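Please look through the sequence and the structure below before reading on. The paragraphs that follow go through charged side chains, helices and loops in turn.

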Amino acid sequence: MSLSIGIVGLPNSGKSTLFKALTKKQVLIANYPFATIDPNVGVIEVPDERLKKIAEVTKTAKILPASIEFYDIAGLVKDAHKGEGLGNQFLSHIKKTSAILHLVRVFEHVEIPHVSGRVSPKDDIEIINFELCMADLKIVEKRLEEQKQHLKTNLTSEQKKHFELLRLFKERLEKGLSLRELDLTEIEKNLVKDLQLLTIKPIIYVFNVDEKSELLNFSSRDLKKIFNLSSLDGEAIVISAKIEAELVDLSEDEQNEYRREFGLKRNCLNEVIKASYQLLHLITFFTYNSQETRAWPVKEGTKAPQVAGIIHTDFEEKFIRAEVVNWEKFVQYGEVGCKEKGLWRIEGKDYIVQDGDICYFRIAS
C-alpha cells in the first residue's frame, strides 16, 4: 500500500525547504514566488524503532521500512481559481494523493517577502482552503451538468443518491466549506471516489516558524488557541523547516545536540512524518525471511487475507491461515523462544491484523 501526501501552501511559505528536510533531496529553494513549477516528488521512510529491534533478532541483511511519497507543488495565491499567480492547474498533480499537508507560514523574514504583504496564519489558511474548495467546485459542477441530462429517465436509487450528494457538495463548496467535515458513509465516499476531490482528503496543518520561536514546543491545542483557529479541520503541528533542513546531513547524535541548543524537546520532522502516516488510520505489520525484514502499512481493521494480498495479490485468494506473534514478545524471546512458549498464534480469515503484529502467511500452492 502506498501513502502519498500533497504539500500545499502560499508561495514563500517554506514548502521546498520542508520537502528537502523530509526527503533529504536537493530542490530549488528560492526567495521569490513560484520557484516550484514542476512538482518535486520524493519517497521517505517512516521512522519506526520497532523495525530496528526486530531486525536485530532476525539478523537479515536488508531492512525495509514503510514509506510515504511526498509531492511538493507550486504555491497558490488568492484568486488562483481566477488565474492569479500561476493559477490552480498544479493542483492536478496532487489529485491522486491520499492526504494533504498544508504548510502555514508563521516566520517573519525581511528577505523573504510574504505574498500578501503581512504574515497572518489565519488568513493564509482561509486563502488556501478557499482555493481548494473552488477547484473542487469546478469538478462537482461539471459532474452535475453531466448528470442533469439523465434526470428525465428513471434513475436508480444509487444514481439519485449520487445526484443529491453532488448538490450537497456544491452548496458547501460555494460557501468555501471543505467536504472532509461531512460525516460520509463508505458507500457515499465510493460514489464520488472517481472525482478525486481535494477537500474530502484528510489534512494536517504544519506551522512553519523561525528557528528561535517559542512556539516550537507548543501543542496542537495551543496553536489553535493562539491563532484563533477553533474550526481547524485537521491536526496542527509546529516545525522550523529551516532547522530541519540544516539537520538532514548531520549524524543522529549531532542532530540531537543541535536540537538541545535550540531548546527543542522533540524531533519535529519525525512528528510530521508519523502524523502524516497516522492521518489515514494506518497501522504497521512486519514480515521477515532469510533476506529481509520489512514493515508494511495497512488500514486499521483489515482482515488477514487482505493483508496477505498487500504482499502479493495472489496471496489474498490463496490464503490458508496466518501465523502471528506480537513484535515485543518476538524481540524478547526470539523466533524459537516464542514457538516454545506458544506465543505464535494461528489465525484464520476473520482475524483483524493489529499494529505491531509479525505475520507469516500460509498460502495454497
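The side chains of Asp-233 and Arg-180 are joined by a polar contact of 2.7 Å. A polar contact here is a pair of N or O atoms within 3.5 Å; within protein, one must be able to donate a hydrogen and the other to accept it, and residues adjacent in sequence count only if both atoms are side-chain atoms. Asp-233 also makes a polar contact with the side chain of Tyr-205, at 2.6 Å.

This is a predicted model, in which local features need pLDDT of at least 70 and side-chain atom pairs count only at pLDDT 80 or more, while totals for chains, interfaces and linings use all residues. Residues are numbered from 1 along each chain as its sequence is written, and side-chain values use heavy atoms, with hydrogens and water left out.

Where is Asp-233 placed? It sits in the loop between α6 (220-226) and β7 (235-239). Helices (H or I, at least four residues) and strands (E, at least two) are DSSP runs, numbered from the N terminus. Asp-233 counts as buried because its relative accessible area is 19%. Buried means under 20% relative accessible area, exposed means over 50%, and partly exposed lies in between (1.4 Å probe, protein chains only).

Next come the salt bridges. A salt bridge is a side-chain nitrogen of Lys or Arg within 4 Å of a carboxyl oxygen of Asp or Glu. How many salt bridges does a search of the whole structure find? The search finds 21.

One of them joins Glu-146 to Arg-143, with the closest N and O atoms 3.4 Å apart. Both residues lie in helix α3 (residues 121-148), 3 residues apart, about one turn of the helix. An α-helix has 3.6 residues a turn, so residues three or four places apart point the same way. Glu-146 is partly exposed because its relative accessibility is 36%, whereas Arg-143, at 18%, is buried.

Another salt bridge links Lys-339 and Glu-335, and here the closest N and O atoms are 3.2 Å apart. These two residues are about one helical turn from each other because they are 4 residues apart in helix α12 (residues 327-340). Lys-339 is exposed, with a relative accessible area of 51%, and Glu-335 is partly exposed, at 32%.

Arg-345 and Glu-347 form a salt bridge too, with 3.0 Å between the closest N and O atoms. Is Glu-347 buried or exposed? Its relative accessibility is 18%, so Glu-347 counts as buried. Arg-345 is partly exposed, with a relative accessible area of 30%.

Some charged residues form a surface patch instead. Glu-49, Glu-252, Asp-253 and Glu-254 gather on the surface in a patch of negative charge. Patches are made of residues with over 30% relative accessible area and no salt bridge, and like charges are joined within 9 Å. Asp and Glu count as negative, and the place of the charge is taken as CG of Asp or CD of Glu. Helix α8 (residues 252-261) gives the largest share of the patch, 3 residues. Glu-254 lies in this helix, and it counts as partly exposed because its relative accessibility is 44%.

Now turn to strand β9 (residues 292-299), where Lys-299 lies. Its side chain reaches the backbone oxygen of Leu-280 at 3.1 Å. Lys-299 and Ile-283 are 16 residues apart in sequence, and in space they are 6.1 Å apart, C-alpha to C-alpha. At 37% relative accessibility, Lys-299 is partly exposed.

Helix α9 (residues 268-278) has several buried residues, among them Leu-269, Val-272 and Ile-273. Asn-267 caps the N-terminal end of α9, with a side-chain oxygen 3.2 Å from the backbone nitrogen of Leu-269.

Two loop residues remain. Most residues other than glycine have a negative phi. Lys-59, although not a glycine, has a positive phi of about 55 degrees. Lys-59 is placed in the loop between α2 (49-58) and β3 (62-64), and it is exposed, with a relative accessible area of 69%. Gln-196 has a positive phi as well, near 50 degrees. Gln-196 lies in the loop between α5 (186-191) and β6 (203-208), and at 27% relative accessibility it counts as partly exposed.

How values were computed: Patches are made of residues with over 30% relative accessible area and no salt bridge: like charges are joined within 9 Å, nonpolar side chains (Val, Leu, Ile, Met, Phe, Trp, Tyr) within 5 Å. Accessible areas come from the Shrake-Rupley method with a 1.4 Å probe; for residues, only the protein chains shown count as cover.
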